[in-house]
Structures are given as structure tokens and as C-alpha cells.
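Dear colleague,

I am passing the structure on to you with this message, and my notes follow directly after it. Please read them with the model open beside you.

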Amino acid sequence: MKNADELCSLIQEIIDEASGHADEKVDPSTPLLISGLVDSLTIMRIVARVEQRIGISFPETEVVAANFRTPTALWDAIEAVKGASHSEGAV
Amino acid sequence: MSRTDPWGPLDALLASAAHRHPDRAAVTEGQQLLTYRELESRVRELATGLRAAGMRPGDRVGVYVPKSTDAMVAIYAALRCGAVAAPLDVKGPPERTARMAVNAALGFLVTTDRAAASATRVREITDQGPGEVRRLVSGLGILPLGPSGAPVPQGGDGGYLLFTSGSTGWPKGVLLSHGNVLHFARWTVDQFGLTSSDRVGSQASLTFDLSTFDIFGSALSGACLVLLPESLKAFPQDVVSWLRTHRISAFYAVPTLYQALLHHGGISTTRLPDLRIIAFAGEPFPAGDLERYVGIFETAEFYNLYGPTETNVCTFERVPRGWSAQDGLSIGKEIAGVQVELVDDQRRVTSDEGEIAVSGPTVALGYLQDGQHRELTSLIHLSDGRTRPAYLTGDLGYYGDEGKIYLRGRRDHQIKRRGYRIDLQDIESVVQEFSSVRGCAAIWTPEGGGELRLHVAADSVTEGQLREQLASSLPRHMLPDRIHLAERLPLTERGKVDREALASAEPTRERGHEKR
């Protein structure tokens, strides 16, 4: 997964699986929390799938509403986690 | 009498708090705060608008508003009109909401701009044709639902309406009087010693009876009602920060939520010195996790509250200091003024194991189904020699030490398998104690000779390892036919494990039973 658009399709996939069909198209600025589009189960799935695809471990302290407001916010958080794990690896 | 004077005891709580301490914080959500004076004045304004729009005493009104300060205004304003306030879930599928509206014969929806489109959809599905939400005050409007000119439902005393999902069919309404809700609110305020310096943290959905403590317990004591912003609810880390920054002193939630705060929210390493009342209800609290909680919050009071929507809380147990898992947890004894008995299959009072029967001031007035009022009580010959209407809960219990009641499972969770009588909750309580297990549900499907399925949410454990553990802790006739491991179990909108979803879903799909 290289960018926020690919993250959007992953989120879309998970939402579709959960609700059977998609009423809304997820784009990078779709508000995920206000519309009730994702619940706690969906969030867990997104985290698990992201960890799997990118091969990072997304720390529990980052699973906060601020990072899930929109796909863009989540992508920024993923980049930050990736950056942190790289620099750790370099040490 | 002015047209906006209190109608009944519940909205009188607000009027009286506004009179006693007008400038105290009544309700806050994020940055928004209303004092009791401001809340009362917004309620009067909306009540005036609702009356002008045709709302009459006895009407049933769906409060189709996301949980917010606006929702508080809408609930109190409906009560102020002498109407029955029925909180609805704006996130629920409109088809389902429409069925509930028809079941309870709702005459109106009060709604917000944001929910207006789905409100209109609900109206269309109820065969009322298109309609428009009419704005009454800033942020809130009204949409008529029933046929115009329909007679006001019988029993125009107003009150509260919650829905309960029966094992089959669509959710039916549980009609509560002002007195039903007030009795519970009074008991909590007395028992918890709530005062105007308390800050009541409110996380439960308004469709869930837990929230009646939040709303009316805080109004009765003049405390501040602190609403958990909906967007934070799914994030245990955020919920814990919210408890801390808002200095919540009393909190009432389901065990599943407390468990999430413990396992994913960092509550064990966060200082929460203000949190003095930790109350839970709705499902059994897994003993190992409760023991950890009791150890973390050494000075807080823990309350195990028990009761279905039909009776609200009818028994309680204050968890003793230093309680440990091996002590076992009872649901305690009846709350003041309420009578609780165990009855056998013939509905005779028994001192043996029996079904929990409840009579007294918290027992709801009745069900609303297909627009009709239906009884929810049966006449029971009680141990004091009198015959009274009592609600049979379907929960089985037995008496332990000091006459405290212990739950034995559900009548309908008892299954017959290979000639053995098995209580599914017995299986669950064993599995729950495995250290890798975060949650579990045992599901019985009777079709085709029957299948016992165990759904488990667990960390770093394989099915084979689970099977081994099970084999060493359960008799053979209680071992599941199949095990499903998942990251998490599906939850109901109330935050409890969604057994219906598990029972009706294809084994590989955790959700999908809901028609959308």
C-alpha cells in the first residue's frame, strides 16, 4: 500500500464486507466517524489489515479517534508509525 | 399554570434543578456546555414549538437525534408536552426504525438537520408518503409520522419508551411511566450518594436503559451530565483520556466496555482519582477482569446492577473491597421498594433455583407492539402472601449466602444435548477464565440434531490449544462441535455481545444478519 487512495479502497472493502453493500464511496476526506460508517469492530479490522499489508505494528496508543477521522488522517498516522519503526531499525 | 410548567416528575427534575442551581453546569459535550438555566430555557422554547406543531399529551414521540445536548433538550421537551419520549438510534437502518415506529405507534419524530434525510426515509417506509422536517428551534425540527388526526393513544400520562429486541421479530416498545424511571433514578442517587459536585459520565446509547441513570440521576442530584462524544466511543484510549480530562466521578457501562478500557485503553496506568462510582450491568463481568479493576481502583465503589429493560435495575450488589475472582459475584438483593422472587415452572415461589420474577414500582407499564398495548406481567402469588403482577425475566437464579441471588443463566440458554441439560453460560464462564480469551459466546443451533458453536475472541492461541484447554476443563457433553476464532465478537448497539448475530450469521461471517 503506497498512498491514501489505496488505503481508501482497503477501508471501502472492509466496510462493504461488514454491511453487505456500499451506500457511500470512501475518498481520502470522507469523515469516517461522524457518519457512523465505522464501528469498533471495523476499526479493529482496518488496523489488522493495515498491519498485514504494510508489515508494521500499529501501536495501541495510535488507535485514537484523531487518527481515524478521515482516510487522510489515518494515512498520516501510518506514515508516522512507519517512519518511527524505520528510525528504530536504524539505531 | 403556564404552558411550559413541568408536566410530570421527570421533567420536573430539570425545572427544579434549574430553580435550585441555575448557573451550575447541567450537560456538557466536548466544548459545548449548558447550565441548568440554559437547558431549562431551551426545553421550554422547544416544548412551545412542539405544541404549536400539534403535539398533544399522550402522543408518542421518537427522539431521532444523535446523542448530544440537543438530544437532551428534545427528550425533556417531549416530556414537558406530556408526551412519551422514545429515543431512537439514528444509525440504525431506516427499515428497522420504521418498524419500531409502527410497533409503538409513534406520532412524531423530533430530529436534527443531520438526521433529517433518514427521518424522512423512515416516514416513507411507514407508508406516510413524503414529508418534510419542519425546523422549530435552532438545530431541531419535527416530522409527523402517524396519520393526521389519529386519536391520541390511551393513557396520556406521558413517559419514556425503550425498545427491546425479542428473540424473534422486530423490537417492541417497553412503555415506562415517569414513576418507573424516577424510582430507579432516586435509588441510584441515594445509593451512590450523588451530589451536585458529581460529574456523571454518559457513554450508553439513549436507547439503552443505562442512560436513564445518566440523564435523570444527574438532574435529580444537580450533577453535571458529561456526554461522551459519539466519535470517541469506539476508541478505548480516547474514552480513558475523556474520563481523566472530564474528571468523571460516576460511570455506568457494560462490562464489555470496561474490558476494552482495560485491555486496549490503558486504564490501569492512568490516574483517575475522581472516579468513585463504577457501575456495570447488562451482562456478567468476567471475574478475572473485574478482580483487576477492583485492584486498580482500590477506593472506588463497584456496583453490579441487574435488571432487564422491562424492570430496569431490580437488584444490586456492591462488590466488596478486595473482592477476588474466586469469591463469585452475586447480583445481590432487590433495590428498595421492589420485590424480587424466584419462582418454579408453575410460577410458585421457591427457595431453590428458579426464574427471577420482579414486581414493584420499576416494572414497566407494558409492551407496545403493532401499535397495541400488551401486558408484560403475570399474576404471581408472592412470598408475603399477596398476589401481584410480576415480570418474569427469563433469567434463572439461586440464593447464596445472606439471601443474595446468583445468576444461573437464561431459561432459553439452557439446552438439551445428548440427553444432558446444559447451560450455555456455564460453558462461557469457564472459557472466559482462559488467560488468552477476551470474550466468548456459546451458541446452540437446534437444527439438524443441533450444533454447539463456540465463538472466541482471543490473543495468540490456536484452535488446537483451545480445544486442549476445553477438554481439560469441561465435561465431554459440554464441548463445542465447532470453534470460531475472531479478533473480536460482534456487539449490539448497546455494546453487549450480539448473540443473535452470532446465532443467525453464517459461521464465516460475523455480521450480515441485519437487513439493510
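In helix 4 of chain B, which spans residues 94–103, the buried residues are B:Thr97, B:Ala98, B:Met100, B:Ala101 and B:Asn103, where buried means under 20% relative accessible area, exposed over 50% and partly exposed in between, with a 1.4 Å probe and protein chains only. Helices (H or I, at least four residues) and strands (E, at least two) are DSSP runs numbered from the N terminus. This is a predicted model, in which local features need pLDDT of at least 70, side-chain atom pairs count only at pLDDT 80 or more, and totals for chains, interfaces and linings use all residues. Residues are numbered from 1 along each chain as its sequence is written, chains are lettered from A and ligands numbered from 1 in the order in which they are written, and side-chain values use heavy atoms, with hydrogens and water left out.

The buried residues of helix 4 of chain B pack against strand 3 (60–64), helix 5 (116–128), strand 8 (159–164), strand 9 (172–176), strand 19 (366–369) and strand 20 (372–374) of chain B, contact being heavy atoms within 4.5 Å. After helix 4 of chain B comes B:Ala105, with a positive phi near 50°.

Chain B also holds an open sheet of 9 strands with mixed pairing, in the order 2-1-11-10-12-13-14-15-16; two strands pair if DSSP finds at least two bridges between them. Strand 2 (32–35) and strand 16 (333–334) of chain B stand at the edges with a single partner strand each, so one side of each has no neighbour in the sheet. Strand 1 (residues 25–29) and strand 11 (residues 224–227) of chain B pair in the parallel sense over 2 bridges, and B:Thr28 stands opposite B:Val226 in strand 11 of chain B.

In chain A, A:Thr70 is placed in the loop between helix 2 (40–54) and helix 3 (71–90), and A:Thr70 counts as buried because its relative accessibility is 18%. Leaving aside neighbours within four places in sequence, A:Thr70 is in contact with A:Pro28, A:Ser29, A:Thr30, A:Pro31 and A:Leu32.

As for the interface, 19 residues of chain B are in contact with 19 residues of chain A. The count between chain B and chain A is 0 salt bridges, a salt bridge being a side-chain nitrogen of Lys or Arg within 4 Å of a carboxyl oxygen of Asp or Glu.
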